Amino acid sequence: MKKIILLIFLLPLFSAVAQEQEVLKKLDAKADFYGDLARQIWSNPELGYLETKSSALLQKTLTEAGFKVTAGAAGIPTAFVAEYGSGKPVIGIMAEFDALPGVSQEAVPFRKPVVEGGAGHACGHHLFGAASVAAGISIMDWMKANKIKGTVRVYGTPAEEGGGGKVYIARAGLISDVDAMIHWHPSSQNAAGATSSLANISTKFRFYGEASHAAAAPERGKSSLDAVEAMNFMVNLMREHVPMETRMHYVITKGGEAPNVVPAFAESYHYVRHPDALVVKQIFERMVKAAEGAALGTQTRMEYEVINGVYNLLPNETLARIMHKNLEKIGGITYTPEERKFAEDIIKTYPAGVKATPDDATKIAPFIVSEEGGGGSTDVGDISWLVPTVGLGTATWVPGTSAHTWQAVAAGGMSIGQKGMMVAAKTMTLTAMDIFNNPSVTGTALEELNKRRGEGFTYEALVGNRQAPLDYRK
């Protein structure tokens, strides 16, 4: 009798393990298919809001698999929502696919642009989109085979690199019924902790003056470039008087046409970041004052346009522990002899002091919980303040690689990137399965979200009421 009771108790466990093994087996069988999907996007890098071919390819793949796909989400041509199932829980998976300007690179361990000055996937979003699609399809197939109730959605989110695509998806209410949101990001290590990021406001400051001959009649000119330089000087002085966690950086995007013509128009593009979105807003207001002062002092006119604004990531320990457990189950990346040689050659190109070995790709980082923002910024932050959100990073790049480098593009275009991508797809799939099998966990995750964001929280996008800047990369 005890054996029968024990068998009855263990049957669901045996069934769950068998289902996991079957799901992972199918993902392994389609690894080359999804690798080719990522490679097609890598080979045709498209900048933010211009990812027409990349978005269409992912939409086509989801449609053919059985998802209902709605294009043009939130009024953004390259955004989409793909859905399967009905009812609760609703689990979302985010997919990115935009590239970066100026980092074109072949899949070789030395600097060799495909197109000099061209775009490249230096943040691995080609892998991001393909792995998220792989996870979505895998979850859908599992739900069909096992008659699982609920809804899985894949959100195609363009222009993460400074365009804030997710902000407009959030603002449009397209995630209002989601119970848990899953994402990932290419990295040089495997990690699934509950960590944060930096809030960010990015802005283009435009100054308008009067042109004149710089030698024959300089007194008639009012230099917009002088205004840009005056503003930048004051902003740089601010660095002494802002919280130490602040990051401020800029480029001059327009400084005039010729040295002998007083510039009538000049523009600088500024970022301000901090772990707290409220602090970012305060520092940004000071930056605007500096721009106004520069315009007053140079007798020019100033306008500014907020291009993007994102919240800091709000960690969710409840969901992150589930994801970390699954990442440990999947394990890290083991290189072939050819991949190890590639990795060793890449490591030789790092600056002195960067310590890394190919074996680091096999490791899983310890689980941590931290609200101290670090590194960069992401529009996932806005999502995380509205929906319990969980993410991971996997070693799609050679250990020690920095994002936004040619080394990241190179590894992302060959088998090392594909291996890391499939670790992410498997981990996201198992995490979604755990949530579907135990939907009550979403209630606990929501309680944690409410506690972290505090009483009376009301979401206000840092971009205000502006529409998505569809031309910011043109």
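## Asp434 and its surroundings

Leaving out residues up to four places away in sequence, Asp434 is in contact with Glu20, Ile322, Lys325 and Asn326. Keep in mind as you explore that this is a predicted model. Asp434 itself lies in helix α12.

Is Asp434 buried or exposed? Its relative accessible area is 19%, and buried means under 20%, so Asp434 counts as buried.

## Where two helices cross

Spanning residues 415-437, α12 packs with helix α2, which covers residues 31-43. The angle between the two is about 115°, and their axes are 10 Å apart. Angles from 65 to 115 degrees count as roughly perpendicular, which means that α2 is roughly perpendicular to α12. The crossing of these two helices is right-handed.

Which residues make the contact? From α2 come Ala31, Asp32, Tyr34, Gly35 and Ala38, while α12 supplies Gln418, Met421 and Met422. Sorted by class, the contact of α2 with α12 has five nonpolar residues, two polar ones and one charged one.

## Ser54 in helix α3

Now look for Ser54, which you will find in helix α3, a stretch made of residues 52-65. The relative accessibility of Ser54 is 2%, so Ser54 counts as buried.

What does Ser54 touch, if residues up to four places away in sequence are not counted? Its partners are Ile41, Asn44, Glu46 and Phe97.

## Ser268 in strand β8

Another serine to visit is Ser268, which sits in a strand: β8, residues 265-274. With a relative accessibility of 0%, Ser268 counts as buried.

## A polar contact and a distance

Which side chain makes a polar contact with the side chain of Ser268? The partner is His270, at 3.2 Å.

Ser268 and Tyr304 are 36 residues apart along the chain, and their C-alpha atoms are separated by 9.6 Å.

## Looking back

Then turn to the place where α2 and α12 pack, with their axes 10 Å apart.

Terms used
Residues numbered from 1 in each chain as written. Predicted model: local features only at pLDDT ≥ 70, side-chain atom pairs only at ≥ 80, totals over all residues. Heavy atoms only, no water. Helix = DSSP H or I, 4+ residues; strand = E, 2+ residues; numbered from the N terminus. Buried < 20%, exposed > 50% of the residue type's maximum accessible area, 1.4 Å probe, protein only. Polar contact = N/O pair within 3.5 Å; in protein donor to acceptor, adjacent residues only side chain to side chain. Axes fitted to C-alpha atoms, helices over the stretch in contact; angles between N-to-C directions. Parallel < 35°, antiparallel > 145°, perpendicular 65-115°, else oblique. Left-handed = near helix turned anticlockwise from the far one by under 90°. Contact = heavy atoms within 4.5 Å. Nonpolar A, V, L, I, M, F, W, Y, C, P; charged D, E, K, R; others polar.
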